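Dear colleague,

Please find below a structure that I am handing over to you. I would be grateful if you could look through it before reading the notes that come after it.

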Amino acid sequence: QVQLVESGGGLVQAGGSLRLSCAASGRTFSRYAVGWFRQAPGEEREFVAAIAWRGGNTVYADSVKGRFSIYRDNAKNTVNLQMNSLKPEDTAVYYCAARGTESYSTTVYSTARQYDSWGQGTQVTVSS
């Protein structure tokens, strides 16, 4: 497992942008597959986006496709989620998750149970 810390959440108006960052402590993050999930009040945790080992592959939920982008910043040992054209329905606590993966693997993981490390979450609120 790896310790994860999210940052970058906040309050933004509809149509605005935010960039979330997930940092891994003590490990080289490029060796992990990483996913972003979110959970709104009263709702189940849902998949948002995921990236494979070293960023070889990405996948997005249909609800965010074309608006969100997941990418690695290996120099900073982070995985970031750029969120554009935000909508009120994007309001949720956003979590990053990670799992070890084989080198050169292009597999992306889109279900929560496939991950074994989780951050504490960061709140994103989009006002209308």
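The notes below go from the overall fold to the disulfide and then to some loop residues.

This is a predicted model, in which local features need pLDDT of at least 70 and side-chain atom pairs count only at pLDDT 80 or more, while totals for chains, interfaces and linings use all residues. Residues are numbered from 1 along each chain as its sequence is written, and side-chain values use heavy atoms, with hydrogens and water left out.

Overall fold

The protein has zero helices and 11 strands; here helices (H or I, at least four residues) and strands (E, at least two) are DSSP runs, numbered from the N terminus. Read from the N terminus, the order of elements is therefore β-β-β-β-β-β-β-β-β-β-β. The radius of gyration is 14 Å, close to the 14 Å that the globule rule gives for 128 residues, so the protein is as compact as a globular protein of that length. The radius is taken over C-alpha atoms, and the rule is 2.2 Å times the number of residues to the power 0.38. Along the principal axes, the C-alpha atoms fill a box of roughly 45 × 30 × 25 Å.

Of the 128 residues, 45% are buried. Buried means under 20% relative accessible area, exposed over 50%, and partly exposed in between (1.4 Å probe, protein chains only). Contact means heavy atoms within 4.5 Å. Among contacts between residues at least 6 apart in sequence, 62% join residues at least 24 apart.

The accessible surface comes to about 6,500 Å², and 43% of it belongs to carbon and sulfur atoms; such areas come from the Shrake-Rupley method with a 1.4 Å probe, and for residues only the protein chains shown count as cover.

The disulfide

The structure holds one disulfide, a term used for a pair of cysteine sulfur atoms within 2.5 Å. The link is formed by Cys22 and Cys96, whose sulfur atoms are 2.0 Å apart. Cys22 lies in strand β3 (residues 18-25) and Cys96 in strand β9 (residues 92-100), so the pair ties together parts that are 74 residues apart in sequence. The link of Cys22 and Cys96 is right-handed, with 55° about the S-S bond. Cys22 counts as buried because its relative accessibility is 0%, and Cys96 is likewise buried at 0%.

Loop residues

Most residues other than glycine have a negative phi. Asn77, although not a glycine, has a positive phi of about 55°. Asn77 is placed in the loop between β7 and β8, and with a relative accessible area of 19% this residue is buried.

Asn74 is also found in the loop between β7 (68-73) and β8. At a relative accessible area of 47%, Asn74 is partly exposed. Asn74 and Ser30 are 44 residues apart along the chain, and their C-alpha atoms are separated by 6.6 Å.

Ser85 likewise has a positive phi, of about 50°, and is not a glycine. Ser85 sits in the loop between β8 (78-83) and β9 and counts as partly exposed at 40% relative accessibility. Leaving aside neighbours within four places in sequence, Ser85 is in contact with Gly15, Gly16, Ser17, Arg67 and Asp90. From Ser85 to Arg31 the distance is 31 Å, C-alpha to C-alpha, and the two are 54 residues apart in sequence.

Yours sincerely
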